[in-house]
Amino acid sequence: MSTSTTASVSTHILDTSIGRPAEGVAVQLHVRAGREKDWQALGGSATDADGRCKDLPALPEGTTHVRLDFAVEAYFLQFENKQADAQQDAPANRDSGPAVFFPEVAITFAVVPGEHYHVPLLLNPFGYSVYRGS
């Protein structure tokens with residue numbers, strides 16, 4: 001929860017290749033207090049059955065930037081042979097490349113005190129999109 005001196009962050013993931021929430025994706029939260037400062041790991045969580053990370057750590061006072069690191073490779077490898085075959089002309093059927101093109105997704109954004117930042121990740125094995133939600 002944000003206060004007048006801190007910001008807060010939440011996220012969720014939708015697997016657009018199957019049209020469902022992505023359950024069990026590990027998410028790590030890092031922060032820094034200034035553009036030139038070093039990143040500090042605050043902790044992490046994993047997405048629930050609804051694709052949401054409800055228990056990310058609170059941001060410390062003075063946080064100016066946040067980075068969310070999503071470990072998506074392990075999530076997609078559990079479907080490696082199922083999803084690609086179900087999709088017509090899926091990349092895994094066209095070439096011998098990896099089943100997951102982006103094994104990790106790192107999203108960095110600026111924050112201001114008093115604001116809440118919800119950052120949804122729309123994900124598939126070969127691409128992703130993020131936006132500031134509500």
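Okay, hi everyone. Keep in mind that what we're looking at is a predicted model. Let's start in the middle. The largest nonpolar core is made of 26 residues, and the ones with the most contacts inside it are Val-9, Val-66, Leu-68, Phe-70 and Phe-109. Who supplies it? At least two residues each come from strands S1 (8-15), S3 (26-32), S6 (65-71), S7 (104-110) and S8 (116-124), and also from helix H1 (73-77). S8 gives the largest share of this core, with four residues. As general background, nonpolar side chains in soluble globular proteins tend to be buried together.

Now pick out Leu-68. If we skip its neighbours within four places in sequence, Leu-68 touches, among others, Val-9, Val-27, Leu-29, Leu-56, Ile-107, Phe-109 and Val-119. Its contacts also include Thr-11 and Gln-28.

Next stop, a loop. Thr-63 sits between strand S5 (52-53) and S6. So, is Thr-63 buried or exposed? It's buried, because its relative accessible area is 9%, and the cut-off for buried is under 20%. A polar atom of the Thr-63 side chain is 2.8 Å from the backbone oxygen of Pro-60. Again leaving out neighbours within four places, Thr-63 is in contact with Val-31, Arg-32, Ala-33 and Val-111.

Last one: Gly-19, in the loop between S1 and strand S2 (20-21). Gly-19 counts as exposed, with 53% relative accessibility.

Conventions
Residues are numbered from 1 along each chain as its sequence is written. This is a predicted model: local features need pLDDT of at least 70, side-chain atom pairs count only at pLDDT 80 or more; totals for chains, interfaces and linings use all residues. Side-chain values use heavy atoms; hydrogens and water are left out. A nonpolar core is a set of buried Ala, Val, Leu, Ile, Met, Phe, Trp, Tyr and Cys residues joined through side-chain atoms within 4.5 Å. Buried means under 20% relative accessible area, exposed over 50%, partly exposed in between (1.4 Å probe, protein chains only). Contact means heavy atoms within 4.5 Å. A polar contact is a pair of N or O atoms within 3.5 Å; within protein, one must be able to donate a hydrogen and the other to accept it, and residues adjacent in sequence count only if both atoms are side-chain atoms.
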